[in-house]
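The following exercises are to be worked through with the sequence and the model at hand. Each task is followed by a solution in steps.

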Amino acid sequence: MAGIWVFAEDRDQTLELLGAARDIADKLSGKVAAFAGGGHPARDYIEYGADTVFQFPELAEGRPLESFVPVIADLARELSPDVFLIGATGRGKEIAARLATRLEAGLCSGCIGLKLDAKGKLMMDRLVYGGAGVQTVVCAGPPQMATVPPRTFEPAQPQPGRSGEIRELPAPPASPVQVIARTPRQKGTVDVTEAKIIVCVGRGLAKKEDVELARQLAEVLGGEIGCSRPIAEELQWLPEEVYLGISGKKVKPALYLGIGVSGQVQHITGIRDSKVIFAINRDENAPIFEAADYGIVGDLYTVVPVLIEELKKALKA
Amino acid sequence: MDFNLTEEHQLIRQSVREFCDRYVCPIADEVDQEPRFPAETVKKLAEQDWLGIPYPVEYGGAGSDYLSYVIVVEELSRACATTGFTLECHSCLAEFPLFKFGTEEQKKKYLTPLCKGEMLGSFALTEPGAGTDAAAGTTTAVLDGNEWVLNGSKIFISNAPVAGVIIVFAMTDKSKGTKGISAFIVPAGTPGLEIGRHLNKMGIRGSLTAEVYLKDCRIPKENLLGGEGQGFKIAMMTLDGGRIGIAAQALGIAQAALDESIKYSKERVQFGKPIGTFQAIQWMIANMATEVQASRFLTYHAAWCYDQGLPYSSQAAMAKLFASETATRQTDRAIQVHGGIGYIKGTKVERLYRDAKITEIYEGTSEVMRMVIAGGLLR
Amino acid sequence: MLNIVACFKWVVDDADIRVDTGSRKLNVDKAAYKISAYDRNAIEEAVILQEKHGGRVVAVTVAPPGAKPCLKDSLSRGPDSACFINDPCCADLEPSQTAQILARAISSKMDYDLIICGEGSGDIYAQQVGPALAERLGIPCLTWVNKLSCNVDERRIIAERKLEDGVEVVSAPLPVLVVVLPDINAPRIPSLKQVLGAAKKPVENVLLEDLGSIPGARLLTTDVVAATMDRRRIKFPADADGVREAVNALLREGVVS
């Protein structure tokens, strides 16, 4: 009986992995197991498709989450899952790499898509060369392991009344790494990854004050502001929470509107899953036009105000 | 014959490119347009050990070869001709005469701080009435007790406003013609040394070029560089090596013109195609690339001769002649490839065109280069 | 005094990658190679710690023999010596193999207090070798670190990890492996003296076969193609009519309401 395991640091990602795991399990006639953090109700994941939930105990003060690696590894040696999907957060990536080493398993990092081949092996896609290429890999398992970035898969749907088992896991062994302090990130009021419409600014903007133009456009559309890397990292006109790209946020809005964004491959990697991509840039040869559904080659300082007016008219109607 | 650059030379080129991306390119336009002297860059050049490349470690230099120096000048000039030239003028014109003709005392006192980048150097030979005819200068130096007293004026002196020391050429014995000229070390701030107005130039606009006045400027007897009457020889030998430096600068400018033209040809679309698909543009690029390659090999070969201890005067002249004429010719073609946008300030090729011209003139005009080359063959 | 190992990889410069539009294959034939940008941060951090606490830095890489120019490049950035584990098959290793090979070489040939790795390689960016290597060596691992300090007397590292939910300050005893983020430092540009000095620094050449049989691959690549985006690429003129048409197109798409 194939076992498909999922582990993620938070509920949202666990539900996404459960969605993918359920698909795989159905095709392989297998069972799904999910890990639940200390204090998280295991029933929740059972409702969302897990046949088994492995419940961690509460993590003691001063212990890093990674101290559970030996516990997970022992469990995997005991139960031999066929597939193990792990949410690709910082901690998830470290845990996955260390588990893969302990289990002598192959690990596909940053899996952006997967399918089963005729033999029931997972063929997984991931990006290479800064987003310019797609590599397809197969893992020698078991388990076949992958880390999966957030929002790669659709979350599982709840099935109230589903049954499943809960297994409590032991406390982790002593770990040489101590956590001395944790400073939670100051969350901005908006999470750009949740936005349905994003207006993104790039180097085509002449000065910081011009971000206001993008804000006006975003307001008319009911969207949020994002930016390309130089705007956040070098110019610091916007916080790094809203920088979209291969090493920034990856978003899947219904509409992405890039103004003065050239469209380097590292940025496109962050927005490639948008439903509609619209670009405004005065350089007809800007790479973004290759990646866009709609484009206007023109000076954003003339086009955007007209666009704002036309949108206001159209949306009032 | 091994045409490959050593790993060290390749690493040097890589490090200069990284340096340019980080520090030089971002300010190149403002250096040209304000214009302003990139003083902060000069400080960083010193930290990279680039202000005394071919001079011995015991005098604060890097103890490397002339080819390394040429690569640094080439790459800096490719990003910003002002920066490349500031380094070249300092290294070739100010440091060389001190290295070749200075006493131990003089080397310790002046060459060492120059090589370490503690101060910049300058070279004052040209006068309003003495350009190519360098021996026609009227600046005089008279020995009065323990001091030389200098009187006269110099023009087009690069780095003068920021130099810590200037090598000044003056007539010590009018009756002896070229053998009556001597070289002197004049520290900045010496009473009687006045730096005049900055000259408003067509290109290399960030480089500081000024008139220099000597009005009863008194310097210690020990500040005579080389022997009395050796000045003309010192100037000519210095300029020989300087030619290789200018060839490197011109090479960098021409390479930049080629890079910009290739980039633009691939991106600019007219009649539904990138202009690089049209033969007219292809031929311009082919000519440009061929001449840049030729400039490169003439320049590197001249540097190689210098490093091998072989005669290099003719080779240096050929390199400067060809590289400078290539730079002016090809920056002109580069603007043509760009069309209208090439004429607009802020487009790199507009700056390159203006920067290129001086390479045919200073440190020996192209006419002088031809005289040197012909002289070497026909005498 | 600290014995520090900095791991680095010699990778293709992405700017040189060409796409064959017919087959969608990526062509790296004309590509130049360089030390992966993330690894420059690792080397720089190692050198910064060595300058502060004394000791030695060894730069280690697993690469095909043709990558030899990487050694002087790495040495010009500050390490005292380099270790070149090489074999033609090293061009095609997957992360678990690289980690095993590094573990064998490091444990058999070096004393170390600290191993520093970049957050991922510039080409494949699997982000596995650091933690996998730590696991092989049986030492603790601190990942995604953008601030690092060492108390040599107490033999402890204190590090700040930048994670999605905030900053986690951690501490671990030496020996330890640290995976650093690019914002931990700005790698210095090698000075001329550093470049010239690189040739004088020792390099240990290690043949892969001397480390035992090559570990089997656990991850197999079946294909690599250019990433494409099939988009409509419809353009509107920049005048008032064009903008109006664009707005209508967005309304039709149902993405604006």
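**Exercise 1.** State which domains the assignment gives for chain B, and describe the contact between domain 1 and domain 2 of chain B.

*Solution.* Step 1. Chain B is assigned domain 1 (7-120), domain 2 (121-232) and domain 3 (237-378); such bounds come from an automatic or database domain assignment. The model is a predicted one, in which local features need pLDDT of at least 70 and side-chain atom pairs count only at pLDDT 80 or more, while totals for chains, interfaces and linings use all residues. Residues are numbered from 1 along each chain as its sequence is written, and chains are lettered from A and ligands numbered from 1 in the order in which they are written.

Step 2. Taken over C-alpha atoms, the centres of domain 1 and domain 2 of chain B are 22 Å apart. Their contact involves 25 residues of domain 1 and 21 residues of domain 2, where two residues are in contact if their C-beta atoms, placed from the backbone, lie within 7 Å.

Step 3. On the domain 1 side, two or more residues each come from helix 1 (7-33), helix 4 (81-101) and helix 5 (104-115) of chain B. Helices are DSSP runs of H or I with at least four residues, strands are runs of E with at least two, and both are numbered from the N terminus. Helix 4 of chain B gives the most to this side, with 11 residues.

Step 4. By class, this side of domain 1 has 16 nonpolar, five polar and four charged residues. Ala, Val, Leu, Ile, Met, Phe, Trp, Tyr, Cys and Pro count as nonpolar, Asp, Glu, Lys and Arg as charged, and the others, Gly among them, as polar.

**Exercise 2.** Find how many residues chain C and chain A bring to their contact, and say which element of chain C gives the largest share.

*Solution.* Step 1. Chain C contributes 62 residues and chain A contributes 66.

Step 2. Several elements of chain C give two or more residues to this side, including helix 3 (95-109), strand 9 (141-151) and strand 14 (219-226). The largest share, 10 residues, is that of helix 6 of chain C.

Step 3. The chain C side that touches chain A consists of 37 nonpolar, nine polar and 16 charged residues.

Step 4. Strand 8 (residues 133-139) of chain A and strand 14 of chain C run antiparallel and are joined by seven bridges; strands pair if DSSP finds at least two bridges between them. Within this pairing, G133(A) has A226(C) as its bridge partner.

**Exercise 3.** Describe the side of chain C that touches chain B.

*Solution.* Step 1. Here 12 residues of chain C meet 15 residues of chain B.

Step 2. Helix 2 (69-75) and helix 5 (192-198) of chain C each supply at least two residues of this side, and helix 5 gives the most, with four.

Step 3. Seven of the residues on this side of chain C are nonpolar, two polar and three charged.

**Exercise 4.** Which residues have the most contacts inside the largest nonpolar core?

*Solution.* Step 1. A nonpolar core is a set of buried Ala, Val, Leu, Ile, Met, Phe, Trp, Tyr and Cys residues joined through C-beta atoms within 7 Å. A residue is buried if 20 or more other C-beta atoms lie within 10 Å of its own.

Step 2. The largest core has 258 residues, and L18(A), F184(B), A6(C) and V178(C) have the most contacts inside it. Helix 6 (residues 231-267) of chain B gives the most to this core, with 16 residues.

Conventions
A residue is buried if 20 or more other C-beta atoms lie within 10 Å of its own, exposed if 12 or fewer, and partly exposed in between; C-beta atoms are placed from the backbone.
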